[in-house]
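Below is a short note for a colleague who has not looked at this structure before. Please read the points with the view open beside them.

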Amino acid sequence: MPTTVRRSTLTLPVAPLGPENPLPVLAPPADAHTLDEDERAALPEQMARQVGYGPLRSVLPTRLRDGYGRERRPAALDTLVLENAQLRVTVLPGLGGRIGSLFHKPSGRELLYTNPVFQPADFALNGAWYSGGIEWNIGATGHTTLSCAPLHAAEVPAPGGDGVVLRLWEWERLRDVPFQVDLWLPDASEFLYVGVRLRNPHHRTVPVYWWSNIAVPEAEDTRVLAPAEESWHFAYERRLRRTPVPEWEGTDRTYPLRSEFPADYFYEVPEDERKWIASLDGHGRGLVQTSTDLLRGRKLFVWGSGPGGRRWQQWLTEPGTPGYAEIQAGLARTQLEHLPLEGGESLAWLEAYGPLAADPGVVHGADWAAARAHTAERLEAVLPRSAVEDAYARWLPCADAEPVGERLASGSGWGALEVARAGFALPGTPFDAGTLGPQQQPWAALLESGKLPAGPGDEPPGPTLVAPEWRELLESASAEGPEGGRELDFHLGVAQWHAGDRSQAVRSWERAVAAEPWWPALRCLGVADGLEGHDVRAAERLLAAVHDAHARLAHKETGPGSPVAAALAALAREAATALLRAGRAADAEAVLDALPGHARDRGRFRLLRARALLARGQRDAARALFDEGFDVADLREGEETLSDTWAELTDDPLPDRYDFRMRPAAG
């Protein structure tokens, strides 16, 4: 059959994403994937340089996605299906363009781990992320801010008319660059080709990052193979250690379930070796990924067999679902690194994904060199290295080809806004003015008139743009009326804060509240105080922001899922946390009491209440909350608040429900 692409839907139990958190993210990312100076100093020179290059100050200009819960109901997710006689590829354009399924039709086998539910969890740089499939991680160390965001999608002419290319593209806002992912399925191919291009249209150099993360089924006899004798081991103790492959500390770490705790193994693939990684079951069958050499990194991520890793796996799906591991491919040796991309330059490569069958006796034999050599031979037999290079050479001239036919899916309007500002020519990835939406309209007006329109007076301000070019426009902008003036100062302060000019940011926010209290700016001042170590003043300002917000928003709709409810909940979380830090537990409880009932019942606020009760010496009441049971839907990867609070309450063993520990106990 010839290759086709069609729209479809996938019906799953779905936890709704909920509204965005409207409060600008001023704190640096709470990322567990960092190294201190002493650790970096011990690394090879290039790796140390790239680990220290381009760290994020925050996830601005994106917003947090933390409004989801854990109540799932059947719902239809939009999909795009790319199919030939060998493979059926199911893509989720509204959820990061992830490949949700890669089904090998002749064998009747699913090559990926496919999650039977859609359950967001706090793993992306900006919050909501979900497990399963093949995800495209661009931006900075961690899961992309586009994990649960829509991408643009359309068909593109295939190289030589062979098959179909489904193009996905968007504007990545952390690094301010456009990218594209071309899914090319030739008519008779057992392998899906994926052409990726990152472009820097600016005059300045930008840090870039890319990892393709592939979730694969996990079993006792699953083995991951790559052409390496060493790896860099990184776990939640935040140490990067060179380790032998396959065996380390008496355990063969190429079997994911033989590690106890979650960990990364970044394989040290020799420069002249073919770049590939495979996950094969006890019968020697599974998935292989390979690429052109620019995509040099290969990695295995394991959840491990310990209680914390098992709990996270259950958390991300539903009871009875088989577990998974991740095999990954990236631009650098490790995910702690970023690469410089010069102004006007681009990076492009081609990946290939498909089935692989090898002799299980050799794959699972004790001779690692023989196992990986045999796997490499099997890969060469079904997909020669030269064939991948040839496919790349045929695809690259088509990367500029314009989409044909109707748009299959639409992403955001941020790319169109950047094209309007700078007049970028980006052949192959059209960012049409018709995609501009309500969040972009005030900024489009600023471009046209030099004035930033004020939003609805009592509602949270819209997103702030923080790139240097937008900050300059804000600095020279004018406003209409006092409300417009304070909103301009608010946005200017956020942009200045992102640029590292904290004193000017504070001055801008202070101007915004000079005439009267205004909770968005008071909140920014409170967060700034907290980050500077002024805990008492931070608590005072955040409490004042809560009082002003409730007074201004009392007449607004605060039902579940409303933007106002999202603002009040986010503000209460920050204020209660600051008040507890300042020793004002009673005030923290009062802030929680003022929330609408549906918000008070959320697990995050029950945990905060338990901490407030504990601070006031009401240990039995705090313990009763744990005994009743609650789930913190937005529990962060690596966060230990649950286990730490339990340890303060009691010497009893931590219940399985609350055990999300991703590292051995200290000491």
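Which residues does Gly18 touch, not counting residues up to four places away in sequence?

1. Gly18 touches Arg65 and Gly67. The model is a predicted one. Gly18 sits in the loop that runs between strand S1 (4–14) and helix H1 (37–41). Its relative accessible area is 32%, and since buried means under 20% and exposed over 50%, Gly18 counts as partly exposed. Between the C-alpha atoms of Gly18 and Arg581 there are 29 Å, although the two are 563 residues apart along the chain.

2. The next point is the sheet. Nine strands make up an open sheet, in the order S15-S21-S22-S26-S12-S11-S10-S9-S27, with antiparallel pairing. Strand S15 (223–225) and strand S27 (404–409) are the edge strands, each pairing on one side only. On average, neighbouring strands of this sheet are turned by 20 degrees against each other, direction ignored. In general, strands of a sheet pair through backbone hydrogen bonds, either parallel or antiparallel.

3. Strand S10 (residues 164–172) deserves a separate look. Nine of its nine residues are buried. Both faces are covered: Val164, Leu166, Leu168, Glu170 and Glu172 lie on one side, and Val165, Arg167, Trp169 and Trp171 on the other. The buried set of S10 thus includes charged residues such as Glu170, Glu172 and Arg167.

4. What are the partners of S10? Strand S9 (residues 152–156) pairs with S10 in the antiparallel sense over five bridges, and Ala153 stands opposite Leu168 in S10. S10 and S11 also run antiparallel and are joined by nine bridges; the bridge partner of Glu172 is Val177 in S11. S10 and S11 form a hairpin with four residues between them. In that turn, Asp176 has a positive phi of about 65 degrees.

5. Elsewhere in the sheet, strand S21 (residues 275–280) and strand S22 (residues 285–291) pair antiparallel over six bridges. Ser279 has Leu287 in S22 as its bridge partner.

6. Two helices pack against these strands. Helix H5 (residues 368–382) lies across S15, S21, S22 and S26, and runs at about 70 degrees to S15. Helix H6 (residues 385–395) packs on the sheet and touches strand S11 (177–185), strand S12 (192–199), S22 and S26. The direction of H6 makes about 135 degrees with that of S26.

7. Now the nonpolar cores. The largest has 87 residues, and those with the most contacts inside it are Trp136, Leu183, Leu192 and Trp210. Strand S26 (residues 346–357) supplies the largest share of this core, seven residues. Another core, of 58 residues, lies apart from it; Leu417, Val466, Ala495 and Trp518 are among its members. In soluble globular proteins, nonpolar side chains tend to be buried together.

8. How do helix H7 and helix H8 pack? Helix H7 (residues 414–422) and helix H8 (residues 441–449) make an angle of about 5 degrees, and their axes are 10 Å apart. Because angles under 35 degrees count as roughly parallel, H7 is roughly parallel to H8. Leu417, Ala420 and Arg421 in H7 meet Trp443, Ala444 and Leu447 in H8. By class, this contact has five nonpolar residues, no polar ones and one charged residue.

Methods
Residues numbered from 1 in each chain as written. Predicted model: local features only at pLDDT ≥ 70, side-chain atom pairs only at ≥ 80, totals over all residues. Heavy atoms only, no water. Core = buried A, V, L, I, M, F, W, Y, C linked by side-chain atoms within 4.5 Å. Buried < 20%, exposed > 50% of the residue type's maximum accessible area, 1.4 Å probe, protein only. Axes fitted to C-alpha atoms, helices over the stretch in contact; angles between N-to-C directions. Parallel < 35°, antiparallel > 145°, perpendicular 65-115°, else oblique. Contact = heavy atoms within 4.5 Å. Pairing = 2+ DSSP bridges.
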